[in-house]
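Visitor: Hi, could you walk me through this structure? I'd like to start with the pockets.

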Amino acid sequence: MIHSLFIINSSGDVFMEKHWKSVISRSVCDYFFDQQRKVANPEDMPPIIATPHHYLISIHRCCMFFVAVCMTEVPPLFVIEFLHRVVDTFEDYFSDCTESIIKEHYVVVYELLDEMLDNGFPLATESNILKELIKPPNILRTIANTVTGKSKHPFVLPAIGQLSNVPWRRTGVKYTNNEAYFDVVEEVDAIIDKSGSTVFAEIQGYIDCCIKLSGMPDLTLSFMNPRLFDDVSFHPCVRFKRWESERILSFIPPDGNFRLMSYHIGSQNIVAIPIYVRHSISFREAGGGRLDITVGPKQTIGRTVESVIIEIPMPKAVLNCSLIPNQGKYSFDPVSKVLIWDVGRIDIAKLPNLRGTV
């Protein structure tokens, strides 16, 4: 499956490599660098590069490229998903994923990669299992180890049994207070015309969980109208056959934080937008133009709309803005030509308004 992993920084240097089978020379990255010179932005890099003897599959995250080298044909999305899981694990362990942090924790990073991949095939990718095998770095533990001269990494395996029938959940979990939290986060992409009517709207959402339950709990989650979901992606813990037959999520959850599912609701469904934007923008060739924007809540069912930020891309001809907001503050970047209005909390009694000249 995956033979080697190369991590490349923003300067184009390979600062870390890991081989699970035979060692592959760094020169294989020359094919990657050749493609990199042809594109202007890192996001435009082709995720799959076929060379005479290898396949290079890469992702770009945290200002770094993670390049997996495969000797045979593999499902590309399988490798891409694994690379994303590697970055997610680094962020979970070190609270961030940068070149300096990876260099600072070389030993832990190599141990994680050893556990996550076995002979080129993904093995343990769940954070709660990995944290039992490899303890996350801790400032107090580092100071104590430095003072006492002990090794950072114990040579004794964890006492509790790791091999359970459920590979994503460690055994012997015990909590005094059993709790389960679910966060439903949705991002709405919409096109709204001048009168405020919705031309197009769709939702990209996901459900994040924080599960702190003892033993081996079996949970069920149902939806009022599951037919709205156009496209869904589940955590491996979800019993897919039951979802297909009954449209009910049945699962034994991992311990701690994880993403249960992500979903998409298309434009053919009625998408409720939480705010409306009424705008009047006019441009003149000489002397600039006028801008007047009002924002208000819409279909909030009594809930308060908070942390509202309006982002307006301006034409290239706009040099500056002289505006007066009755709430929040605005900023205009003359280079990117983007006007950002940080509204904050919307008060129904006095609707936020931004007006002035451009």
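Guide: Happy to. On a 1 Å grid over the protein atoms alone, a pocket is an open set of points where a 1.4 Å probe fits, with protein on both sides within 12 Å along at least five of seven lines, and lining residues have an atom within 4 Å of a point. This is a predicted model, where local features need pLDDT of at least 70, side-chain atom pairs count only at pLDDT 80 or more, and totals for chains, interfaces and linings use all residues. Residues are numbered from 1 along each chain as its sequence is written, and side-chain values use heavy atoms, leaving out hydrogens and water.

Visitor: Which residues lie nearest the centre of the second largest pocket?

Guide: Glu 186, Val 188, Ala 272, Ile 273 and Pro 274, out of 37 lining residues.

Visitor: And which strand supplies the largest share of that lining?

Guide: β8, with nine residues; strands are DSSP runs of E, at least two residues long, and helices are runs of H or I, at least four, numbered from the N terminus.

Visitor: Switching topic, which residues have the most contacts inside the largest nonpolar core?

Guide: Ile 2, Phe 66, Phe 90 and Ile 102, in a core of 36 residues. Such a core joins buried (under 20% relative accessible area, 1.4 Å probe, protein chains only) Ala, Val, Leu, Ile, Met, Phe, Trp, Tyr and Cys residues through side-chain atoms within 4.5 Å.

Visitor: Which element gives the most to it?

Guide: α2, with nine residues.

Methods: Buried means under 20% relative accessible area, exposed over 50%, partly exposed in between (1.4 Å probe, protein chains only).
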